[in-house]
Structures are given as C-alpha cells and as structure tokens.
Amino acid sequence: MASMKDLLARRLREQLPTRHELAQSKWLKPVAAQLTAPELWRMKSESVARGVAVGLFWAFLVPVAQILFATLHCVWWRGNIPIAAAITFVTNPLTVGGWLWLAYQVGSVFVGGAATAVPPEEGAGLLMWLQTVGGPALVGMAIFGVVGAVLGYAGVKLFWRLRLWRRLRARELRRAR
C-alpha cells in the first residue's frame with residue numbers, strides 16, 4: 001500500500017500542469033521557452049530553496065493569483081516552479097481570514113494604527129474604513145512575505161544539508177563495519 005507521502009505527491013503531480021502542457025498553452029506561447037527550461041523543474045537544492053522562498057513570498061503578498069506571480073518570479077529567479085506553485089497553497093480560502101487578520105495585527109504594530117478594526121458605522125464611508133484597515137494589513141502581508149521567504153529558503157537549505165550529513169554519516173558507519 002502506498003504511503004500518505006506517495007499519495008500526496010501523486011495527487012499534486014496530477015493537479016499541476018506538466019512542462020509539455022505549459023508549452024502547448026496558447027496563452028503561454030510567447031514565454032513557453034522560458035517556462036519549460038529544465039532547471040525550473042529539477043529537484044536541486046538551490047532551485048527548490050528558491051521555489052519555496054518565491055512561493056511563500058507570493059502566498060502572503062497577494063491574496064489572489066499567487067501561482068501566476070510565483071511562476072513568473074521563478075522564471076526570473078530560477079526557482080523550482082512546481083514547488084513554488086504548491087507552496088502558495090499555504091494560504092488558501094480556508095486560512096485567508098485568519099492570516100489577513102494576523103497580518104493586520106502585525107502591520108498595526110509597525111504602522112502605529114489601532115490593533116482593532118471596528119466595522120464602519122452607519123453612514124460612514126466604506127472606502128475610508130478600508131483605508132484605515134488596508135494600510136496595516138498590507139504592511140503585515142509584506143512582512144509575512146519577506147520573513148516567510150527568508151525562513152523558507154534557509155529552512156530548505158538547512159534540511160538539505162542535514163539530509164546530506166545523515167547520508168554521509170551512514171555511509172561512514174557502513175564502511176567502519
């Protein structure tokens with residue numbers, strides 16, 4: 001029986017478009033050569049770390065079209081496209097309310113606004129209310145995006161090194177026996 005990890009990996013592969021499907025898309029014809037570059041699809045340490053960083057950055061920076069932005073950024077920054085696309089699902093319709101509220105709270109600390117967003121009163125302008133809430137929320141989203149990208153990049157690099165260290169150590173132990 002397949003493990004949960006294998007099932008999730010297979011499910012993700014089924015959902016994400018392949019390089020060939022991207023190259024055949026009429027919308028992506030102008031940039032198909034850049035999108036289908038092999039280094040953007042390989043599971044190498046640096047490209048995976050960049051993919052995680054780009055995915056986390058765009059997941060928190062914009063609430064919609066994160067995969068599109070992450071894909072374009074991966075082409076420019078040479079990150080792993082499937083990893084970046086998958087990581088953007090950290091923020092999804094089920095979690096958007098919670099992380100936007102938290103982004104507002106964090107942004108309020110930096111902007112100096114009130115940490116409680118009270119709904120507009122009757123007759124008060126909705127646009128004015130959105131402006132008071134929007135500034136701190138945008139600052140918080142930017143902080144989450146940058147901090148998430150840095151921590152994601154560093155985390156992948158650390159994980160990769162630990163994995164390599166464990167393999168080398170196991171090899172040394174086998175040789176010693």
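Good morning. The structure is a predicted model, in which local features need pLDDT of at least 70 and side-chain atom pairs count only at pLDDT 80 or more, while totals for chains, interfaces and linings use all residues. Residues are numbered from 1 along each chain as its sequence is written, and side-chain values use heavy atoms, with hydrogens and water left out.

Let me begin with the overall fold. The chain has eight helices and zero strands; helices are DSSP runs of H or I with at least four residues, strands are runs of E with at least two, and both are numbered from the N terminus. Of the 177 residues, 30% count as buried, meaning under 20% relative accessible area with a 1.4 Å probe, protein chains only. Among contacts (heavy atoms within 4.5 Å) with a separation of 6 or more, 68% join residues 24 or more positions apart.

I turn now to the pockets. A pocket is an open set of points on a 1 Å grid over the protein atoms alone, where a 1.4 Å probe fits and protein lies on both sides within 12 Å along at least five of seven lines; lining residues have an atom within 4 Å of a point. The largest pocket holds about 640 Å³ of space, the volume being the space filled by probe spheres set on the points. It is lined by 22 residues, and A9, L12, R13, M43 and I83 are the closest to its centre. Which helix gives the most to this lining? It is α1, with six residues. The lining comprises 16 nonpolar, two polar and four charged residues. Here Ala, Val, Leu, Ile, Met, Phe, Trp, Tyr, Cys and Pro count as nonpolar, Asp, Glu, Lys and Arg as charged, and the others, Gly among them, as polar.

The second largest pocket has about 250 Å³ of space. Its lining has 13 nonpolar residues, one polar and no charged, and α5 gives the most, with four residues.

Finally, the cores. A nonpolar core is a set of buried Ala, Val, Leu, Ile, Met, Phe, Trp, Tyr and Cys residues joined through side-chain atoms within 4.5 Å. In the largest one, of 13 residues, L40, V54 and I81 touch the most other members. The largest share of this core, three residues, comes from α5. Apart from it lies another core of 10 residues, including W99, M141, F144 and V156.

Technical notes. Buried < 20%, exposed > 50% of the residue type's maximum accessible area, 1.4 Å probe, protein only.
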